[in-house]
Amino acid sequence: MSTLVIPPVPPSPKDDAMQLHRAFKGFRCDTSTVINILAHRDATQRAYLQHEYTSLYSQDLLKRISSKLSGRLENAVLLWMHCPAGRDAVILKQTLTVNKNLEAATEIICSRTPSQLQYLRHIYFTKFGIYLERDIERNTSRDHKKILLAYVSTPRHEGPEVDKETGESDAVVLYKAGEKRLGTDEKTFVRIISERSAAQLVAINQFYRSKYGHSLKKAIKKETSGYFGRALLTIVQCAENPAKYFAKFCYYVCRSYVEQ
């Protein structure tokens, strides 16, 4: 089984551009060449390639790709052409304002680190001339809106340091805001989960389990629902083990495509 790898020696953007131009010629596009080139380049190499293609042929490479490909292959290749933050921005614009796939928008926002979100907000405004927070405000509602807005705009520490006293206190506060009372104090969940670092959330979860016999994740599932619950769960799961979260996410996405 072959593995897609980036060449150890940087390829020539000019050679790549010329090969792509030949692949686009004719009635049928040589999709194998397109995939072989673009899937083996990193974001910086693809950026150089786009610039070289425009210089050689006075055409926008993204528009050329869009004219020669279609369906899921077109979507995948076009998304490849962006840096990670740019890709997130494009997907968020689509999911928030066009097809209203709020589940996908929630997954992206709530699985990113504070520094990733800061850069994403910058790229979003650069690309679309509107703040990400404004599109969230316009296209989401109620507690789901509150957690997304809080999570993209609240500065959080990214280091491994943990305040155990605060972690234990937060676990108690969350229990009182959820499982101990009739009805859920969503405002408290938004405040604590949007303000605490990933390491601090892991500590809160540990204290919660030791005090109440089950995880914070289980409590969130019990006390919340819908997009709001999904947002909280994504944040907590990514704080604890992002690799495991993304592995499960990819598995279910791939399985859903196979079953279609």
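Here are some notes on a predicted model, arranged as numbered points for a first visit.

1. **Ground rules.** Because the model is predicted, local features need pLDDT of at least 70 and side-chain atom pairs count only at pLDDT 80 or more, while totals for chains, interfaces and linings use all residues. Residues are numbered from 1 along each chain as its sequence is written, and side-chain values use heavy atoms, with hydrogens and water left out.

2. **Salt bridges overall.** The structure holds 12 salt bridges. The term stands for a side-chain nitrogen of Lys or Arg within 4 Å of a carboxyl oxygen of Asp or Glu.

3. **A bridge between distant parts.** Have a look at Arg 230 and Glu 107, whose side chains meet in a salt bridge at 2.6 Å, N to O. This pair links distant parts of the chain, with Arg 230 in helix H15 (residues 226-240) and Glu 107 in helix H7 (residues 102-110), 123 residues apart. Helices here are DSSP runs of H or I with at least four residues, numbered from the N terminus. Glu 107 is buried at a relative accessible area of 8%, whereas Arg 230 is partly exposed at 32%. For these words, buried means under 20% relative accessible area, exposed over 50%, and partly exposed in between, using a 1.4 Å probe and protein chains only. Glu 103 joins Glu 107 and Arg 230 in a network of salt bridges.

4. Glu 137 pairs with Lys 145, their closest N and O atoms being 3.4 Å apart. Here Glu 137 counts as partly exposed at 39% and Lys 145 as buried at 18%. Glu 195 forms a salt bridge with Arg 196, again with 3.4 Å between the closest N and O atoms. Glu 195 is partly exposed at 38%, while Arg 196 is buried at 17%.

5. **H10 against H15.** The axes of helix H10 (residues 142-153) and H15 come within 7 Å and cross at roughly 30°. Axes are lines fitted to C-alpha atoms, for helices over the stretch in contact, and angles run from 0 to 180 degrees between N-to-C directions. H10 is therefore roughly parallel to H15, a label for angles under 35 degrees. Contact (heavy atoms within 4.5 Å) involves residues including Ile 147 and Tyr 151 of H10, and Phe 228 and Leu 232 of H15. The residues of this contact divide into seven nonpolar, one polar and one charged. Nonpolar covers Ala, Val, Leu, Ile, Met, Phe, Trp, Tyr, Cys and Pro; charged covers Asp, Glu, Lys and Arg; the others, Gly among them, are polar.

6. Ser 58 has a positive phi of about 55° although it is not a glycine. Ser 58 sits in the loop between helix H3 (43-57) and helix H4 (61-68) and is exposed at 68%. Arg 142 also has a positive phi, about 50°, without being a glycine. Arg 142 belongs to helix H10 and is exposed at 70%.

7. **Thr 166.** This residue lies in helix H11 (residues 164-177) and is partly exposed at 28%. Leaving aside residues up to four places away in sequence, Thr 166 touches Arg 196 and Gln 200.

Terms used. Helix = DSSP H or I, 4+ residues; strand = E, 2+ residues; numbered from the N terminus. Parallel < 35°, antiparallel > 145°, perpendicular 65-115°, else oblique.
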